[in-house]
Amino acid sequence: MYLQFFGLNEAPFSITPDPAFVYLSAAHREALAHLLYGVGQGGAGGFVQLTGEVGTGKTTICRCLLEQVPEDTRVALVLNSLVTPRELLATICEELRLDIRGLTESNKLMVDVLNHYLLRQHSLGQRVVVVIDEAQNLSPEALEQVRLLTNLETSKDKLLQMVLLGQPELRQLLQRQDLRQLSQRITARYHLAPLNREETAAYVKHRLQVAGSRRNPFRRSALRTLYQRSGGVPRLINIIADRALAGAYARESESVTPAFVNAAANEVQPSESRVRSTHWPAIIGTGSVAILAVISLLTWGFPLLERLNPVQTSSQVAVNQPEKTLAPEAGQSEEPARIDGQTGAVDGSLFQAAPDTGQPGSPDAGGVAPAARQEAVAEETAFIRQTDPEWLNIPNWSAWRTLANLWQDPDSADAIAAACSGVPGKGYACFRDKGNWSRIQNLGLPVTLVLQGETTRLLLLQGFTEEGLLVGSTDKLQTVAREEVEKYWLGEYLIAWPQAPDWPPQISKGESGAAVDIVMEMAGYAEPAWIGKGEFGDGFESWLKAFQSRNGLSADGIVGPHTLIYLMAPTISQPRLIVPGGERS
């Protein structure tokens, strides 16, 4: 509907793959090079692995690969990975146009037909490649069947090359002990990251030019906002940009401003950060449960504080007037943090906090004054590429000690460590989450990354720069390239915040009291605001489920830890993630 208004010949941001609109960033070109190397002689018959978050362009890379494979290569493309091992084997045979009628009930018979075909192709100088998309959905049994197929070989050459495309969960899946044989056969790995800010602007410009535009209607500020709201994920860029153009057309505006982008993002991607004009002036506090002390930054205070008469504790959280709500990208179960997903057991040494050897707030104690902290961040401008990754040797207890200082509660390191090991009632709450960098940025709070390797390690992430990640203690921040951390990080992180021991673990329909009153007050500042009665009845439960659904939380109508921190996060002024420029988000 907006094509003529903006001088376009066709829709520039359709999510349907169109070869004419393909934009390959440096990362996409490198990923394609890895795949072409893998399917060529460089793969040597092993596995090639390409991972990336949803919507980052894996399918686009796959299409480009299929268009550029050598003429002497035969490709079997498996798009449905939710299959049994036998169904997977049958699919591969069908993609290679092998006659397996009457043989689909026997794995051996199908493998015999496939092996005969591979030997024939090898004798003709042909290579055979199997590309499996969404490979993270394959069962361990199906992956084992895939590995066994790579045993088909001559005395000198492997007869089959495998390419696995999938989301980051694929990397975690291949770390299973029972899949170590397959993992050892991966000859090329590449993780496709989202576009950076400059690439996002170039991506938008490219698609507009292909669609026939003679000018770019997106203002520079709108492009920055588009990058922030999409996280640089091409699919999300397309969806948000398309709606932003429609919004500008509806208002007869020849320029797309940040307001149009934010409105589009709020409409089509409610799980991302949401912009709001209402300011939440106070954070959770009650007299009966004494959850948190609240300091209002509003000039004249807020009546809620007087009505609830909160009791201050040693952990005080200041609140600001946020410009936007920072939210997780997707809902997670509201459960305490555990590292061992099967038993809930935790390595005690991992969560042990260090003894305080210095005075609170001193550099020796891991904390510095806010002004000094900002100055230290400002000085951290040079990109440090570690040849000897010193950041990997940061003791685990340093994460808890530094986090305690960031919360301006230097004596609480043990309490934070206890909360994140699943021990409640120590004055802090903690839960485990999984996501990507964009999700952490949207939350806006420092988080503790869980790194995998020979041992599980913890690394405090304090912020982002144009060059990489800011990690470690505040008085000794280190800048590390994202790709270096991603070698050890599978998307898991811990979030901790102050919370009184007797704050209810969840609040649901029919309950009443000071905690419910606070939840209702907070709901009155959401978008859209809750304007009903001050009781947790059917009406509020329905509103809460819609609120959770819009913001990517589990829509169960219960205020648990995840919903609570989502409501709380945008009101917290310290600690915040450091953003490019050396400022806290």
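Reader: Before we start, what does "contact" mean here?

Author: Contact means that heavy atoms lie within 4.5 Å of each other. Keep in mind that this is a predicted model. Now try the idea on L36: leaving aside its neighbours within four places in sequence, L36 is in contact with L65 and Q68.

Reader: Where does L36 sit, and how far is its C-alpha atom from that of L66?

Author: L36 is part of helix α1, which covers residues 26–39. L36 and L66 are 30 residues apart along the chain, and their C-alpha atoms are separated by 9.5 Å. As for cover, L36 has a relative accessible area of 28%, so it counts as partly exposed.

Reader: Let's zoom out. How many helices and strands does the protein chain have?

Author: There are 20 helices and 17 strands in the protein chain. Of its 585 residues, 53% are buried. Among the contacts with a separation of 6 or more, 71% are between residues 24 or more positions apart.

Reader: And what about the surface of the protein chain?

Author: The protein chain exposes about 25,900 Å², and carbon and sulfur atoms supply 49% of that.

Reader: How do I read a pair of packed helices?

Author: Two packed helices are described by the angle between their axes and the distance between those axes. Take α8 (residues 197–210) and α9 (residues 220–230): their angle is about 110 degrees and their axes are 9 Å apart. Angles of 65 to 115 degrees count as roughly perpendicular, so that is the word for α8 and α9. On the α8 side, the contact is made by R197, T200, A201 and V204, while α9 brings L223, R224, L226 and Y227. The crossing of these two helices is right-handed.

Reader: Is T150 buried or exposed?

Author: T150 counts as buried because its relative accessibility is 1%, and the cut-off for buried is under 20%. You'll find T150 in the loop between α5 (140–149) and β4 (161–166). Its side chain makes a polar contact with the side chain of R185, at 2.8 Å.

Reader: What should I look for in the backbone?

Author: Most residues other than glycine have a negative phi, and most peptide bonds are trans. With that in mind, look at E134: it isn't a glycine, yet its phi is positive, about 55 degrees. E134 lies in the loop between β3 (127–132) and α5. With a relative accessible area of 25%, E134 is partly exposed.

Reader: What is phi for E252, and where is that residue?

Author: Phi of E252 is near 55 degrees, again a positive value in a residue other than glycine. E252 belongs to the loop between α10 and α11, and it counts as exposed at 67% relative accessibility.

Reader: Which two residues does a cis peptide bond join?

Author: Q574 and P575, where omega is about 0 degrees. Look for P575 in the loop between α20 (561–568) and β16 (578–579).

Methods:
Residues are numbered from 1 along each chain as its sequence is written. This is a predicted model: local features need pLDDT of at least 70, side-chain atom pairs count only at pLDDT 80 or more; totals for chains, interfaces and linings use all residues. Side-chain values use heavy atoms; hydrogens and water are left out. Helices (H or I, at least four residues) and strands (E, at least two) are DSSP runs, numbered from the N terminus. Buried means under 20% relative accessible area, exposed over 50%, partly exposed in between (1.4 Å probe, protein chains only). Accessible areas come from the Shrake-Rupley method with a 1.4 Å probe; for residues, only the protein chains shown count as cover. A polar contact is a pair of N or O atoms within 3.5 Å; within protein, one must be able to donate a hydrogen and the other to accept it, and residues adjacent in sequence count only if both atoms are side-chain atoms. Axes are lines fitted to C-alpha atoms, for helices over the stretch in contact, and angles run from 0 to 180 degrees between N-to-C directions. Angles under 35 degrees count as roughly parallel, over 145 as roughly antiparallel, 65 to 115 as roughly perpendicular and the rest as oblique. A crossing is left-handed if the near helix is turned anticlockwise from the far one by less than a right angle, and right-handed if clockwise.
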